[in-house]
Amino acid sequence: MPNYIKKALQKFQYTSKKYPQYSPHRHVPIQYGKKGTQQFATAPDESPLLTPIKTKHIQSTTGSFLYYGRAIDYTILPALNDIASAQAQPTRQTKEKTQQLMDYLHTYPDVYVRYYASDMVLYVDSDAAYLVAPKARSRIAGYFYCSDHPNVTKRPKANGAILVECKTLRHVVSSSAEAEVAGIFHNATTAVPIRHILQALNHPQPPTPLKTDNSTATGFIYDNIHQKRSKAWDMRYHWLRDRQNQQQFKIYWEKGTNNDADYFTKHHPTNHHRAQRAKYVRDNIKECLHLLCSARVC
């Protein structure tokens with residue numbers, strides 16, 4: 001989307017506070033191993049509320065960049081999820097978060113997504129982060145992409161995303177495992193219409209591989225664990241067992257370092273953003289077009 005960010009920043013009368021900015025949101029480091037150090041819940045935002053005019057400015061900014069984030073630059077979705085949760089009554093802290101996001105977009109104004117030819121089989125990576133949002137909420141994420149058939153390759157080839165989900169669970173869950181199951185449920189229900197679209201386009205779909213990094217979640221779906229205090233799971237998420245038995249999905253466990261949805265659940269430090277960015281989006285579109293033109297000439 002050439003010049004979209006440039007025009008949007010001009011529209012919102014953006015002035016740079018920090019350039020370059022390599023992180024779309026603030027990171028609060030975790031202190032490990034220090035005596036007397038306790039990990040407390042996030043304190044409520046008690047900074048002053050913004051005026052109605054500034055509130056509308058925050059809402060307009062969020063809407064414009066959400067469209068861009070859903071379409072192109074997925075790396076800004078966790079920051080937008082945080083800002084959008086407070087846009088009804090934004091505060092000075094919300095304004096600071098929005099400023100950092102715009103600094104980040106000013107640093108990376110023209111990004112693109114690279115897609116590779118494949119068998120057009122849908123894959124889904126699902127993840128969740130427990131108690132990372134205000135009011136004891138959890139954040140879930142899903143990374144949807146197309147790759148080669150599972151019978152052809154044991155590990156699917158990485159590809160550009162056709163959809164990235166980054167949402168806050170409305171209800172409060174009682175454990176990280178329940179948050180993971182809720183994330184799998186949301187991503188599986190989102191994957192069903194995508195499967196139908198691919199089949200209508202003459203791309204047959206095997207059971208959709210859905211990856212999670214939580215072994216308790218897979219144990220619940222395959223009915224391999226003995227539940228005692230998790231009856232609410234049966235009420236909300238029994239649908240997953242039905243679809244697994246119908247072979248519409250193949251839900252499996254894999255370690256978190258191979259889960260592409262992990263990036264969108266947490267507020268990572270700057271060095272992690274810089275290390276992982278190339279996995280999701282590219283920045284030098286002119287170089288990419290030059291390579292494509294050279295390949296065509298050859």
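Helices (H or I, at least four residues) and strands (E, at least two) are DSSP runs, numbered from the N terminus.

**Figure 1. Overview of the predicted model.** The structure shown is a predicted model. From the N terminus on, its elements follow the order α-α-α-α-β-β-β-α-β-α-α-β-α-α. That order comprises 9 helices and 5 strands. The protein has 298 residues, of which 44% count as buried. Among contacts between residues at least 6 apart in sequence, 77% link residues at least 24 apart.

**Figure 2. Helix α2 against helix α4.** Helix α2 covers residues 52-71 and helix α4 covers residues 92-107. Their axes come within 11 Å and cross at roughly 35°. The crossing of α2 past α4 is left-handed. On the α2 side, the contact is formed by Lys54, Ile58, Thr61, Phe65 and Tyr68. On the α4 side, Thr94, Lys95, Thr98, Leu101, Met102 and Leu105 take part. By type, the residues of this contact are 6 nonpolar, 3 polar and 2 charged.

**Figure 3. Thr61 in helix α2.** Thr61 is found in helix α2. Is Thr61 buried or exposed? Thr61 is buried because its relative accessibility is 1%, and the cut-off for buried is under 20% relative accessible area. Leaving out residues up to four places away in sequence, Thr61 touches Phe12, Thr98 and Met102. Thr98 and Met102 belong to the α4 side of the contact between α2 and α4.

**Figure 4. Helix α3 against helix α4.** The axes of α3 and α4 are 10 Å apart, and the helices pack at an angle of about 160°. The two helices are therefore roughly antiparallel, a term that applies to angles over 145 degrees. The crossing of α3 and α4 is left-handed. From α3, the residues Ala79, Leu80, Asp82 and Ile83 meet Thr94, Lys97, Thr98 and Leu101 of α4. This contact divides into 4 nonpolar, 2 polar and 2 charged residues. Thr94, Thr98 and Leu101 of α4 are also listed in the contact with α2.

**Figure 5. The cover over helix α3.** How many of the 8 residues of α3 are buried? The count is 7, and the helix is mostly covered. The buried residues are Leu77, Pro78, Ala79, Leu80, Asn81, Asp82 and Ile83. Elements that cover them include α2, α4, β2 and β3.

Figure 6. Ser85 lies in the loop between α3 and α4. Ser85 counts as exposed because its relative accessible area is 52%, and the cut-off for exposed is over 50%. Ser85 and Thr168 are 83 residues apart in sequence, while their C-alpha atoms are 8.6 Å apart in space.

**Figure 7. The nonpolar cores.** The largest nonpolar core has 36 residues. Which residues have the most contacts inside this core? They are Phe65, Tyr74, Ile76, Leu101, Tyr143 and Phe264. Two or more residues of the core come from each of α1 (4-11), α2, α3 (77-84), α4, β1 (121-133), β2 (137-147) and β3 (161-168). Leu101, aside from its neighbours within four places in sequence, is in contact with Pro24, Phe65, Ile76, Ala79, Leu80 and Ile83. Another core, of 28 residues, lies apart from the largest one. Among its residues are Ala179, Ile184, Ala217 and Phe220.

**Figure 8. Backbone details.** Most residues other than glycine have a negative phi, and most peptide bonds are trans. The peptide bond from Tyr19 to Pro20 is cis, with omega near -5°. Pro20 is placed in the loop between α1 and α2. Asn3, which is not a glycine, has a positive phi of about 65°. Asn3 is in the segment before α1, and with a relative accessible area of 37% it is partly exposed. Asp223 is another residue other than glycine with a positive phi, in this case near 60°. Asp223 is in the loop between α6 (215-221) and α7 (231-245).

Methods:
Residues are numbered from 1 along each chain as its sequence is written. This is a predicted model: local features need pLDDT of at least 70, side-chain atom pairs count only at pLDDT 80 or more; totals for chains, interfaces and linings use all residues. Side-chain values use heavy atoms; hydrogens and water are left out. Axes are lines fitted to C-alpha atoms, for helices over the stretch in contact, and angles run from 0 to 180 degrees between N-to-C directions. A crossing is left-handed if the near helix is turned anticlockwise from the far one by less than a right angle, and right-handed if clockwise. Contact means heavy atoms within 4.5 Å. Ala, Val, Leu, Ile, Met, Phe, Trp, Tyr, Cys and Pro count as nonpolar, Asp, Glu, Lys and Arg as charged, and the others, Gly among them, as polar. Buried means under 20% relative accessible area, exposed over 50%, partly exposed in between (1.4 Å probe, protein chains only). A nonpolar core is a set of buried Ala, Val, Leu, Ile, Met, Phe, Trp, Tyr and Cys residues joined through side-chain atoms within 4.5 Å. Angles under 35 degrees count as roughly parallel, over 145 as roughly antiparallel, 65 to 115 as roughly perpendicular and the rest as oblique.
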